[in-house]
Amino acid sequence: MTAVIEVRNIKKAFKRHRSQELLVLDNVNFSMREGEIIALLGRSGSGKSTLLRIIAGLIRPTAGQVIYHKQAITRPEPGLTMVFQHFALLPWLTVLENVELGLEAQGVAKDERRARAIEAIDIVGLDGFESAYPKELSGGMSQRVGLARALVVDPEVLLMDEPFSALDVLTADNLRGDLLDIWHSDKTRIKCVLLVTHNIEEAALLADRILVFDNDPGCVRAEIKVELKHPRNEQAAEFHKLVDDIYGLMTKPEAATFIKPQAEFKIIDQHFRLPKVEISEMMGFVETLSDYDPHAKIDLPKLADDLHFEIDDLFPITEVLEIMHFIQVSEGDVVLTDSGRKLALAEMLDRKKIFAKHLMEYVPLARHVRAVLDKESEHEVSETVFLSELETVLSDDSAEETLAVVIDWGRYAEIFAYDYNSGMLSLENPQ
C-alpha cells in the first residue's frame, strides 16, 4: 500500500526556565498507508496529542520530519484535517455555520460552501439540525458537528484526538459505528485515519494497525497488525484474544533506565514521576483483588471490565501497587503478593504500618524526605527544597504533582507531617 504520511525521527522538547529541556517525544517513526485506520494507543500524558498536532502542522517538531506527498509538513495542509476531543463549537453560530467555518477560511464561495456543508451534515446523520445552535445539541450530536466540520474540507487524512472520550458509553459506541460506516462508504476521499486513544477496546474495534505508545519520552513501543475484518464482534474469542494480547504488551516492563534487568518488580529512582493515585484507590483495588481466588491470576481485561476502568484508570493503580510490591503484573494478568493480601485484610492501624514499611522501602522519594527530616535539628524542611530537586529532572507540573503524591502517601503512613498553609514538612514526634 502507498504511504500517505511518513513520520520520520520526530523529536519534540519544550524548554524550561529553571532546568534542562523537557523531552516529550523522541525517535518516533511510522507510516500511514492508504486504506487503513491506525490507532495510537497509550496513556494520557505520553505525547500522543502533541504528535498528532505535529502531523497536522499545528506545531513544529524539535527534530525530524513529517512527509506528505513527498513534502515536509511545516504548516496546516489542505489534505489533512483534525477532529478534537472537545467539540470547540462556536455557540453563536448554527450547526450549518459551524460546519462552514473551514471552507470560509479557505475562501470558498458562499453557495458552494453551503452545499458542501449540507452534504457533510447529511453524511454524519444530522440533517434537520442545520439551524440548531450548540446549546440545543447533546454531546454526541456536537461531536457529529465536529466530524462534519472535518469532512467538509474533503481531506485525504483524518486525524482524531480521542474524539469519543468525552461521551457516554452508548453514544461513543454509536459514533464509532458511524465512523466505520463513513470509512467504508464512498462518500468521502479519506485515504487513512489516525486515531489517538487510551481505550484498548476502541483501538481493537476500529484499527487495522495499533501503535502502542510509550511515555517519558513518547515513542512507538510496538506495532500490532489487526487481521480481524469489520464489523468486529466484541464477544468473539478472536477479539478477546486481541485485547488480551494488547494488555499483555502494555504491562510488560519497558526497557527504561529506572528498571533493573530481570527485576521481578519495577524498581524506580528518586526522581521517578509517580502516578497520581489516591490511597482509597489503592486500598479499594487490593480489597477487590482479595475477593478473587488467591491462587489464580486475574485477567486484567476482565478486571477492567468489571470495574468499568480504562487504561488511564487501571494502569496508574497497578503501576503504583507493583512498585510497592503489593501486586505482580505479567502478560496481562495480575496477582496479589502475600504483602498485598495482608494489606487488603488488615485492620486500619496494621494496614498503615504495612503501607508505611513498603513506602519507605520501595519509594525512594518518600525515604529521602524522611531521611532529610531526621537529619534536620528542628526536623522541619520546606517543600520547596524537595520541589527544586525534582525540577532538575521533571517538568515543573510533574515535580509538583509527584511531591504532592508522596506527601499524601507519607501523611497517611504517618512517616512525616505536612502543613498546607506554610508548606513545611516535619516530624510530629521526632523521638
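**Close-up views of a predicted model**

**View 1. Isoleucine 246 and its contacts.** Isoleucine 246 touches Leu41, Ile200, Ala204, Ile210 and Ile224, leaving out residues up to four places away in sequence. The model shown here and in the other views is predicted. Ile246 belongs to the largest nonpolar core, which has 77 residues. Within this core, Ile200, Ile210, Ile246, Phe355, Leu359 and Trp409 touch the most other members. Helix H15 (residues 396–413) gives the core its largest share, eight residues. A second core is separate and has 38 residues, including Val153, Met160, Leu167 and Leu180. In soluble globular proteins, nonpolar side chains tend to be buried together.

**View 2. Methionine 82 in strand E6.** Methionine 82 sits in strand E6, residues 80–83. Its relative accessibility is 11%, so methionine 82 counts as buried, the cut-off being under 20%. Beyond its neighbours within four places in sequence, methionine 82 is in contact with Leu52, Arg53, Ala56, Leu58, Ala150, Leu159 and Asp161. Lysine 241 lies elsewhere: 159 residues separate methionine 82 from lysine 241 in sequence, and their C-alpha atoms are 31 Å apart.

**View 3. The second largest pocket.** This pocket holds about 840 Å³ of space. Its lining counts 33 residues. Asn199, Glu201, Glu234, Asp305 and Phe309 lie nearest the centre. Two or more lining residues come from each of helix H5 (169–184), strand E8 (192–197), helix H6 (200–206), helix H7 (237–250) and helix H9 (300–307). H7 provides the largest share, five residues. By class, 14 lining residues are nonpolar, seven are polar and 12 are charged.

View 4. Arginine 116 pairs with glutamate 112 in a salt bridge, and their closest N and O atoms are 3.1 Å apart. Both residues belong to helix H3 (residues 110–123). They are four residues apart, about one turn of the helix. Arginine 116 has 23% relative accessibility and counts as partly exposed. Glutamate 112 is also partly exposed, with a relative accessible area of 41%. The structure holds 19 salt bridges.

**View 5. A salt bridge between two loops.** Arginine 189 and aspartate 154 meet through their side chains in a salt bridge, 3.2 Å from N to O. Arginine 189 is in the loop between H5 and E8, and aspartate 154 is in the loop between helix H4 (139–151) and strand E7 (157–161), so the pair ties together parts 35 residues apart in sequence. Arginine 189 is partly exposed at a relative accessible area of 39%. Aspartate 154 is partly exposed at 32%.

**View 6. Lysine 352 and glutamate 414.** A salt bridge joins lysine 352 to glutamate 414, with the closest N and O atoms 3.0 Å apart. The pair links distant parts of the chain, 62 residues apart. Lysine 352 lies in helix H12 (residues 348–362). Glutamate 414 lies in the loop between H15 and strand E15 (417–419). At 55% relative accessibility, glutamate 414 counts as exposed, because the cut-off for exposed is over 50%. In another group, salt bridges with shared partners join Glu36, Arg209 and Glu223 into one network.

Conventions:
Residues are numbered from 1 along each chain as its sequence is written. This is a predicted model: local features need pLDDT of at least 70, side-chain atom pairs count only at pLDDT 80 or more; totals for chains, interfaces and linings use all residues. Side-chain values use heavy atoms; hydrogens and water are left out. On a 1 Å grid over the protein atoms alone, a cavity is a set of points where a 1.4 Å probe fits but cannot get out, and a pocket is an open set with protein on both sides within 12 Å along at least five of seven lines; lining residues have an atom within 4 Å of a point. Grid points are joined across faces, edges and corners, and a volume is the space filled by probe spheres set on the points. Ala, Val, Leu, Ile, Met, Phe, Trp, Tyr, Cys and Pro count as nonpolar, Asp, Glu, Lys and Arg as charged, and the others, Gly among them, as polar. A nonpolar core is a set of buried Ala, Val, Leu, Ile, Met, Phe, Trp, Tyr and Cys residues joined through side-chain atoms within 4.5 Å. Buried means under 20% relative accessible area, exposed over 50%, partly exposed in between (1.4 Å probe, protein chains only). Contact means heavy atoms within 4.5 Å. A salt bridge is a side-chain nitrogen of Lys or Arg within 4 Å of a carboxyl oxygen of Asp or Glu.
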